[in-house]
Amino acid sequence: MIFESASDVVLDDIFLRLPDFVPDVSVLLKLEGLNPAGSVKLKTAVALVESAETAGGLPAGTRLIESSSGNLGVALSVVCAARGYPLTVVTDPNAARPAVRAMESLGTEVVEVSQRDAHGGYLGTRLDLIRRRLAAEPALVWLNQYANQANAAVHRERTARSVHRELGDLDILFVGAGTTGTLMGCVQYFAEHSPRTRVVAVDAAGSVTFGGSAAPRFIPGLGTSRRPEIFTDSGAFEKVLVEEADSIAMCRTVAARYGLLVGGSTGTVLAAVQRLAPTLAPGCRVAAISPDLGDKYLDTVYSDTWVAERYTEIPDLAGLGHATAR
């Protein structure tokens, strides 16, 4: 198979069965990290850039700007390098260092904020910096993944549709909630095409998206300190919050048991699957979306030192599978 651009290399039909993850239940993990950007955000990045091109045209050399904790920044760097747009990504200390290095290697200007916002996160601070840059540079274009409906639309038409095409009318689909683009797209698609499918939205404890109290978080990917504009709490899906310590434990369990290094968001989503296991009927079919793999998390989620410094509630690191960095 020959592709014309790195951003076209999206493998949307790769699922991994997790035997005995939940007794008597078929659990399938949709692997979204098998593309040049390494995450589900490659689809988002293409959609955001193309929506800007369609809306008013982007003159050659127009600088784009976006806020990202890592994955979207890498994905946008791939797309913008191929299409000739200079890019600025505003990120924060929680961004995985390999992701920052990848962005910079692709020619992206990376600006890191260090001051937490009023909710204890960094998103508000990142967006404030973008607004200041926009005021100072009128030609700058903000893609704004948090409010851009193209974010949800691409996951409705590609991610959710691919799940349904490959797996049919599932019983339950578990989806993480970051900007909520993937979540909203899946909710919209399955409400129309497979209303019997339960959609479970999974977020990190300390995120405010579902209306909970804000608290500091350390794993990038899921969670926000400000509710995204594209998020609509329609009541058409269930909601689960997972502590970061549980996400870490799940990442390490999956690595030790299935030989798969998954990212922090995937650990969060699978922890939710396990939490709801008592409610799953024998013989039911479950799918969970894995936004990325674990290569960017070797110095964090899979590092005993990093974990011990931040999560005193995890008493026995040795029991969480094999660490890959110390």
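Thr180 is buried, with a relative accessible area of 2%. Here, buried means under 20% relative accessible area, exposed means over 50%, and partly exposed lies in between (1.4 Å probe, protein chains only). Thr180 is found in the loop between strand 7 and helix 6. Its phi is near 75°, a positive value in a residue other than glycine. Helices (H or I, at least four residues) and strands (E, at least two) are DSSP runs, numbered from the N terminus. The model is predicted: local features need pLDDT of at least 70, side-chain atom pairs count only at pLDDT 80 or more, and totals for chains, interfaces and linings use all residues. Residues are numbered from 1 along each chain as its sequence is written, and side-chain values use heavy atoms, with hydrogens and water left out.

Asp20 also has a positive phi, near 60°, and is a residue other than glycine. Asp20 lies in the loop between strand 1 (15–17) and strand 2. With a relative accessible area of 58%, Asp20 is exposed.

Lys30 belongs to strand 2. The relative accessible area of Lys30 is 1%, so this residue is buried. Contact means heavy atoms within 4.5 Å. Not counting residues up to four places away in sequence, Lys30 touches Asp12, Ile14, Phe15, Lys43, Thr159, Ser162, Val163, Ala288, Ile289 and Ser290. Lys30 and Gly263 are 233 residues apart in sequence, yet 13 Å apart in space, C-alpha to C-alpha.

Helix 8 covers residues 264–275. The expected span of a helix is 1.5 Å times one less than its number of residues. Helix 8 is mostly covered, with 10 of its 12 residues buried. Among them are Gly264, Thr268 and Val273. The cover over the buried residues of helix 8 includes strand 2 (26–31), strand 7 (172–176), strand 8, strand 9, helix 7 (244–258) and strand 10 (285–290).

Helix 4 runs over residues 123–136. Its 14 residues should span 20 Å, and the end C-alpha atoms are 20 Å apart, which agrees. Its buried residues are Leu123, Gly124, Thr125, Arg126, Leu127, Leu129, Ile130 and Arg133. These buried residues pack against strand 3 (64–67), strand 4 (87–91), strand 5 (109–112) and strand 6 (141–142).

Aromatic rings come next. The structure holds five aromatic pairs. Rings of Phe, Tyr and Trp (its six-membered ring) pair if their centres lie within 6.5 Å; planes under 30 degrees apart count as stacked, over 60 as edge-to-face and the rest as tilted. The ring centres of Tyr189 and Phe190 are 5.4 Å apart and the planes stand at 75°, so this pair is edge-to-face. Tyr189 counts as buried at 5% relative accessibility, and Phe190 counts as buried at 1%. Phe218 and Tyr311 also form an edge-to-face pair, 6.1 Å centre to centre with 85° between the planes. Phe218 lies in the loop between strand 8 (198–204) and strand 9 (238–242), and Tyr311 in the segment after helix 9 (304–310), so the pair ties together parts that are 93 residues apart in sequence. Phe218 is partly exposed at 25% relative accessibility, whereas Tyr311 is buried at 4%. The charged end of Arg310 sits over the ring of Phe218, 6.0 Å from its centre. A charge sits over a ring if NZ of Lys or CZ of Arg is within 6 Å of the ring centre and within 35 degrees of the ring normal. Phe210, Phe231 and Phe237 form one aromatic cluster.

The structure holds two cavities of 30 Å³ or more. On a 1 Å grid over the protein atoms alone, a cavity is a set of points where a 1.4 Å probe fits but cannot get out, and a pocket is an open set with protein on both sides within 12 Å along at least five of seven lines; lining residues have an atom within 4 Å of a point. Grid points are joined across faces, edges and corners, and a volume is the space filled by probe spheres set on the points. The largest cavity has a volume of about 590 Å³. Its lining holds 39 residues, and Ser69, Pro220, Gly221, Leu222 and Gly223 lie nearest its centre. Helix 6 gives the most to this lining, with three residues. The largest pocket has about 210 Å³ of space.
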